[in-house]
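Please open the model in your viewer and keep the selection panel at hand. The stops below are given in the order in which they may be selected.

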There are 2 protein chains.
Amino acid sequence: MNTATALLVIDVQKGFDDPSWGRRNNPSAEENISALLAAWRVAELPIFHVRHLSTEPGSPLGGAGGVFKDAVRPLAHEPVIEKYVNSAFIGTDLETRLREEMLDTLVVTGLTTDHCVSTTTRMAANLGFSAHIVSDATATFDRIGPDGKFHTAEHVHEMALVHLHEEFAKVVTTRNTLENLQQPSPG
Amino acid sequence: MNTATALLVIDVQKGFDDPSWGRRNNPSAEENISALLAAWRVAELPIFHVRHLSTEPGSPLGGAGGVFKDAVRPLAHEPVIEKYVNSAFIGTDLETRLREEMLDTLVVTGLTTDHCVSTTTRMAANLGFSAHIVSDATATFDRIGPDGKFHTAEHVHEMALVHLHEEFAKVVTTRNTLENLQQPSPG
């Protein structure tokens, strides 16, 4: 992990606790993101919080649902990127900020694996950033396919990582990310 | 289907016939795209061909692999968008062209479902276009996950559509797209 590595925490908002989303996988995601945030703060590495402000009427992510969950609350000086679509790079200044701060590597965490996290990771890679996705610091929900078939959140999550693997991102864990962070840089 | 609907054909290049990609699903994709192209030409609706020019040394999509397959060859007046990453919207003028021509709906086809097709569809939706993805006019390859587990092309394809469904795109078939095209517009 080099000093140009930013931690990105996507959409970990109270609105995702709304029961209308259905069953979720990986209940430890918030705890893992919290551990990554703590380590990033100790190492004084850059952190970007991303908040989704839904424009859809009645969305659980609008209004009070936009509030960050307690475990991942930003500190006063940490930047918060507000977005209105899945990708944190569309309609925001995230790319400009990363380039201004000479950041070339992103460690991506948050909700949900197959929607906002995958889309943001794909764009990060296509914009030329090196992307890592932390498999146990992301999560998603059960989904119904276009043919009406049911898919568990665990499987939707797994396949989102399969799609990203090698083409867009290095798939890592919280544990190996923390271990890499603690290793002294060479030289 | 309204007159502001463009057909997008992504990366249907001879380079994807290289055996190094492994086993593919949906061998009928090219035939279905060819049928859509024919119908779009008869209806005089806009078509955009996308070609991936790989910058990776030895990639089957570089050099002669950049040539379009015979079944989907562009006509002389049809625009070809050249791209270097997965998304047809990054490093290209596709968005500008669509807006200049007042096109608001995209029917997306091509290779591969989980990589370039999914990424382009996600960005299309996030940029405000209405996206349709034609399930049987796309295809992908067997993939190995980050844990070394094998996934068939059929399943990788299916799950890529599950991820896009309702959030980013309407999942349609060649047949219902052709039927909609032949229906007279209301009014």
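The tour begins with the contact of the two chains and then turns to single elements and residues.

This is a predicted model, in which local features need pLDDT of at least 70 and side-chain atom pairs count only at pLDDT 80 or more, while totals for chains, interfaces and linings use all residues. Residues are numbered from 1 along each chain as its sequence is written, and chains are lettered from A and ligands numbered from 1 in the order in which they are written.

**The contact of the chains**

Select both chains and display the contact, to which chain A gives 25 residues and chain B gives 24 residues. Two residues are in contact here if their C-beta atoms, placed from the backbone, lie within 7 Å. On the side of chain A that touches chain B, the elements that give two or more residues are α3 (113–126) and α4 (153–164) of chain A. Helices are DSSP runs of H or I with at least four residues, strands are runs of E with at least two, and both are numbered from the N terminus. The largest share of this side, seven residues, comes from α4(A). By type, the residues of the side of chain A that touches chain B are 10 nonpolar, 10 polar and five charged. Ala, Val, Leu, Ile, Met, Phe, Trp, Tyr, Cys and Pro count as nonpolar, Asp, Glu, Lys and Arg as charged, and the others, Gly among them, as polar.

Next, select α4(A) together with helix α4 (residues 153–164) of chain B; the two pack at an angle of about 110°, with their axes 10 Å apart. Axes are lines fitted to C-alpha atoms, for helices over the stretch in contact, and angles run from 0 to 180 degrees between N-to-C directions. α4(A) and α4(B) are therefore roughly perpendicular to each other, a term for angles of 65 to 115 degrees. Show the side chains of A:V156, A:M159, A:A160, A:V162 and A:H163, which meet B:V156, B:M159, B:A160, B:V162 and B:H163.

Now superpose chain A on chain B: a turn of 180° and a shift of 0.0 Å along the axis give an RMSD of 0.0 Å. The two copies are thus related as by a two-fold rotation axis. The superposition is by least squares on the C-alpha atoms of residues with pLDDT of at least 70 in both copies.

**Helix α1 of chain B**

Select residues 29–42 of chain B, the helix α1(B). Which residues of α1(B) are buried? They are B:A29, B:E30, B:N32, B:I33, B:S34, B:L36, B:L37 and B:W40. A residue is buried if 20 or more other C-beta atoms lie within 10 Å of its own, exposed if 12 or fewer, and partly exposed in between, with C-beta atoms placed from the backbone. The cover of these buried residues includes β1 (5–10), β2 (47–52), β4 (105–111), β5 (130–139) and α5 (174–182) of chain B. After α1(B) comes B:E44, with a positive phi near 55°.

**Backbone features**

Most residues other than glycine have a negative phi, and most peptide bonds are trans. Select B:D11, in the loop between β1 and α1 of chain B. B:D11 is not a glycine, yet has a positive phi of about 60°. With 24 C-beta neighbours inside 10 Å, B:D11 counts as buried. Move to B:M102, in the loop between α2 (94–100) and β4 of chain B. B:M102 has a positive phi of about 55° and is exposed, with 8 other C-beta atoms within 10 Å.

Finally, select A:L111 and A:T112, which are joined by a cis peptide bond with omega near -15°. A:T112 lies in the loop between β4 (105–111) and α3 of chain A.

Key. Angles under 35 degrees count as roughly parallel, over 145 as roughly antiparallel, 65 to 115 as roughly perpendicular and the rest as oblique. The expected span of a helix is 1.5 Å times one less than its number of residues.
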